[in-house]
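Please read the following account alongside the sequence and the model. It goes from one chain contact to the parts of single chains.

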Amino acid sequence: MAQQPNAIEMRGITKTFGSVVANQDVNLTLRQGEILALLGENGSGKTTLMNMLSGIYKPDAGEILVEGKAVSIDSPQDAKRLGIGMVHQHFKLVDVFSAADNIWMGKEKAGFRLKKDRYEEIRSMAQKFGFDLDPEKKVRNMAVSEKQTLEIIKVLYYGAKVIILDEPTAVLTVQEIQKLFGVLRRMKEEGHSIIIITHKLNEVMDISDRVAILRKGEYITTVDTASTNEQQLTEYMVGRKIDLNIQRPVVEKKRPLLEIRDLTIRNDEGAVAIDHVSFYIRGGEILGVAGIAGCGQKELCEAIAGLRPIQSGLMIHKGDNIVGLPPKAILEKGISMSFIPEDRLGMGLAPSLSITDNMILKNYASAKGPFVDRKGGREDALRVIQELEVVTPSTETPVRRLSGGNVQKVLLGREIKAGPNVIVTAYPVRGLDINSSYAIYHILNQQKQDGVGILFVGEDLDVMMALCDKIMVLCHGKVMGVVHAHKTTKEELGLMMTGALDLSNKYEDKPAGYAKDTNISAQELEQLQRQREEKGEEE
Amino acid sequence: MRLHVVKRDHCPLWKKACLYLLAVLSALVLGGILLLAMGVDPLAYYSRMFTMGMVGNKIAYKSMENYLKVFVPLAVTSVALSLAFKMRFWNIGGEGQFIVGAIAAATVAFQAGPVLPQGVTLVLMCLAAMVCAGVYGSIAAVLKVKFGTNETLMTLMLNYVALYFLTFLGETKADWNFYLDETSVRPIFANFGKTVSFPAFPIGKFGLNLCVILTFVLGVLVFVYLKYTKQGYEIAVVGDSAGTAHYAGMKVNTIVLRTVFLSACLIGLAAAFKVGTAGILSTAITDDVGWTGIIVAWLAQMNTAVIFLVSALIGMLRYGSTVAAATFSQVDSSFANMLQGAILFLVLAADFFIRFQIVPVKKGGKANGNG
Amino acid sequence: MEMDKLGVVTSFLHNIVVYNIPLLYGTTGEIIVEKSGSLNLGVEGIMAVGAIFGYIAGCYANSLGVGILTSFLAGALCGLIFAVLTVSLQANQNITGLTLTTFGLGVYFFVGNGLKSIAWPAMNDYPNIKNGFADLPIPGLSQIPLLGKGLFSHNVLVYLAVVIALCMWWYMNRTTPGLRLRSVGENPAAADSVGINVKRVQYLHICLGCGIMGIGGYYMGLNMSGSFNSSCWINGYGWIAVALVIFANWNPALAILGTFVFGFFNTLRVSGSSLAAAFPGPLGWLAGVPTQLYQALPFLITAVVLVVTSVRKREGSGLPASLGLNYFREER
């Protein structure tokens, strides 16, 4: 039997963004009718590589073969014509359009007039693929999983033979993930070839036929899933066996520094993001916050930093109520926040300004007179650059031009410099390589030993279990429980994250998240009680 | 070979300068071709325009004085707008703020001019113009801060509200209307130049107007303000990332309001300068500086020193063309508008090559697939 | 006497339409441009360019059709400049639009003043243009008392403007290319990812929209049967059109209504006194209203609309989500 040509072959692909090399001489092969997992850490260049298949980016060098023929993919249109479809991590949907119109707008021979029967056509087509879809529902009213389904239907409808999914499971619950995998298996049986990007090993083992691994933008190898294991894949992924024995120094417990009691916060859309949450952080401990992306982590961080108004509840810092204080007053109390959003530069740093200018961001106002004190800023910048080994041409380099790890070091360096007593940090190692990550863990541990209380919002459960003292699990804004990191298991955390396991009432003698040696005064508790009663009357 | 466009990280200064120069030259060549077609010697025309008729002219100092009258309002307005733009606040309401400032200054001139000493009147004119223009400009800022109203469209609308108010003053004969000339039957603006006018310091025959000196002083002040003061630092942070500014404890809304107010204030000052030297209101009092200033500030990338340079050049183009029109009667003075447009189009195009570069796609690479 | 009063009302209605149709052209054109995601502040300049070239070509060929076509093409050419700079070369849309206004008015006065010096005749002197621009009463409808003569007896370009606006509404909301146009203005990355040629859609609609503005410019001259001496241009219509787009909530069909509302104030400015004279009792106060208030009203109303819509947020607003933002596919 003549061998079938490969569905996709990428040879010697290189892609740079300015001075950042995203992909270096990468080779990748996708066979007909297989599910290939593309594995790599955050920032290893998976998405960039796939975007070159889908026509979003053009490679600087290299060639792409589709079914054995060399092609040039200059636009998403070319990709579509070649039967390549991609479900992007950030959905590419028009919010104000209906589901059907989002599909219809890209249909090749759609006819000139928009007819009502397009809804019926899309509905029946979706049913043919085995999906349930309301074609007239507007995307802005859809849940995340619905949007993803729509994206998959879209790609199928355009007749894609090769389907690329970028981190499809990041936003889904366990049940939804299983459903998605079922869909993928069925598509494979129907002859589609699939690439799935992920960095979750269990999913790789579960769904894929083969695994291709990228590390720091370079192609490492491809292995058959059946003949490998998680340990080996991890080694490929990170380059060496990960010593997840991140240190966890034992520090003497102190009285609670920050106590959150019965906190409720709404998100930008007005929905409840954090729902009656209570917890506390002591000096010298790291409290991890685990949860699927978008479970209220962002809102919680913002509320503590004074950036977001709260609906009800108490936030007590060393016995003082900080609810309603402006961000500046909260900073002055020693509560520092370093929130690393997805674009890494959005909050906490001003990307076009120099390292020096970013150093003085929080204390520029304390200089005497009307002028800013750049001299002090420059000294601080030099110190951070030296102590944290930031790679930069000078202190005057715009932060935007630094690489991800260095940006994060600058950010944390500034926070620590101010000598905070509570650090709220979200995703501090997102997009960093292993060595940079360890540097960050080390910084956090040092702070912990100095008696600082740290709230660590993280993604990687392995890391959190190794680094944190306790882990609080959030699911849709509710606390599912706080567990000791060294006692829990990944499975337990996973179940809690999806809401399948609720440990919040495990200890019946005391409500979860209430410190025994609380700093909250009786008066404040009374106030909280009144708040509740008022709410009750309203409802 | 395939080509494709990628973003540039950094463009060396000499390359920038060359590209911009090339753009300006190409526009001049295009204009030159048009002049040739009309039977005008482009070199003669351009030299007349760019020297503004000062060469071989006994009253060259007059030309210089007149040129500076064009330059001062433009430079001050552009500098003022750059404050707001630096914060990414698209204040395109310079026209309206200028008009409101001009009306305020004229009001003081008419009311206080005959009573108070000239120096006091001038100071009051400047203050009144600044406060009124500042308040007018702040309307859009308040709405933006409170409701997120689009400031580009809002300031645009307010331009015309101000313009028609000025037209109303200029066309309505009434007892209360002290802006008009009482001796004229038809409504025309009255002249107060005899009672109030910015003084000039004679240098030979040339009179260096106080406004010119103040303009340069203002330029230095704004430069220092943006670069070295806390408030300037706040503007830079808010313009770069409002989220970061908020988080750093800055009161972003206050900063936006303060900066837009200041920006509009300075536009008011520009109007006071203009009114204080012209000695009369007019419905064309702005001379389009509210529009041109936007382009100047943006072209100069909000850099104060460069703004002075660009304003000087654009002013030269505008004033020079009216001078040249006197000699070359077949070329209308609106040639300057066309030329200015062409220059800007080409500079915008040149800007593309500064921000992006076009690179060829290389084929090949090692062929050791993983199949 | 009674008849006279009715005549005043009828001619008032008639004037609302006749003098403000350029607004409808400008607004419809700008809606199309903005729906593709481009905020074009060059309407004023584009209409001026359309006015002058439509005038020259129309007179030269002694044909209304040629004039319309030329003004369309001249406008579209301005659109092409805008598209090259903002779509292909990623230039700032505000700056490019404002420059286009400066440039367009420069061209208009440069060419126009040139014509003045050689005493070019008025458009009315060309019989084909004059006849082509004559009123065509709609049978039946134009017989309606009071309203008929005012609303249903107009020149061909009035009907054309209304037809274009309705067609554009239909095109945007009921056709597949219209769906694609809206998708580009809402979320160009999404449109791109399904294989829509974003640049082509933007180029096409920017040129189409600007072409329609160009016809609006030509109309102004025709309506004033202008030679250049009597001026075939009114300052500020382009800017009112920008305001009207907001007032009409980016809906070309509503733009017809909006034109009528704005035109109403515009006409009060001119004929308010004759209304006051005809109905001294109920409308006598009109004589005392300063005309400049009418001129400022469209902008004041739009400012209020802007505030109201921003207070109510985006629900139901036609504002394209990526208006004013350039799209660069390889953005990271």
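Where chain C meets chain B, the contact takes 37 residues from chain C and 41 residues from chain B. The model is a predicted one. On the side of chain C that touches chain B, the elements giving two or more residues are helices H3 (64-88), H4 (93-117), H11 (237-247) and H14 (291-311) of chain C. The most comes from H4(C), which gives 14 residues to that side. Sorted by class, this side of chain C has 23 nonpolar, 13 polar and one charged residues.

Chain B itself is divided by the domain assignment into domain 1, made of 1-40 + 330-371, and domain 2, made of 41-329. Taken over C-alpha atoms, the centres of domain 1 of chain B and domain 2 of chain B are separated by 31 Å. The contact between them takes 15 residues from domain 1 of chain B and 15 residues from domain 2 of chain B. On the domain 1 side, helix H1 (13-37) and helix H13 (335-355) of chain B are the elements that give two or more residues. H13(B) gives the most to this side, with six residues. The residues of the domain 1 side divide into 10 nonpolar, four polar and one charged.

Helix H2 of chain B covers residues 42-51, and B:Tyr45, B:Arg48 and B:Met49 are buried in it. Seen down the axis of H2(B), these buried residues fall within an arc of 95°, so they line one face of the helix. Their cover includes H1 and helix H12 (304-327) of chain B. After H2(B) comes B:Met52, which has a positive phi, near 55°.

Which residues have the most contacts inside the largest nonpolar core? They are B:Ala105 and B:Ala129, in a core of 375 residues. Helix H10 of chain B, residues 252-278, gives the most to this core, with 15 residues. Leaving aside residues up to four places away in sequence, B:Ala129 touches B:Gly101, B:Ala104 and B:Ala105, and also B:Gly268, B:Leu269, B:Ala271 and B:Ala272.

Chain A has 17 helices and 20 strands. Of its 539 residues, 49% are buried. Among contacts in chain A with a separation of 6 or more, 68% are between residues 24 or more positions apart.

One strand of chain A can be followed in detail. Strand E13, residues 286-290 of chain A, is mostly covered, with five of its five residues buried. Which way do these residues point from E13(A)? A:Ile286, A:Gly288 and A:Ala290 point one way, A:Leu287 and A:Val289 point the other way, and all are buried.

E13(A) also has paired strands. Four bridges join E13(A) to strand E18 (residues 453-457) of chain A, and the two run parallel. In this pairing A:Gly288 stands opposite A:Phe456 of E18(A). Strand E19 (residues 470-475) of chain A likewise pairs with E13(A) in the parallel sense, over four bridges.

Note on methods. Residues are numbered from 1 along each chain as its sequence is written. Chains are lettered from A and ligands numbered from 1 in the order in which they are written. This is a predicted model: local features need pLDDT of at least 70, side-chain atom pairs count only at pLDDT 80 or more; totals for chains, interfaces and linings use all residues. A residue is buried if 20 or more other C-beta atoms lie within 10 Å of its own, exposed if 12 or fewer, and partly exposed in between; C-beta atoms are placed from the backbone. Two residues are in contact if their C-beta atoms, placed from the backbone, lie within 7 Å. Domain bounds come from an automatic or database domain assignment. Ala, Val, Leu, Ile, Met, Phe, Trp, Tyr, Cys and Pro count as nonpolar, Asp, Glu, Lys and Arg as charged, and the others, Gly among them, as polar. Two strands pair if DSSP finds at least two bridges between them. The arc is that of the directions from the helix axis to the C-beta atoms. A nonpolar core is a set of buried Ala, Val, Leu, Ile, Met, Phe, Trp, Tyr and Cys residues joined through C-beta atoms within 7 Å.
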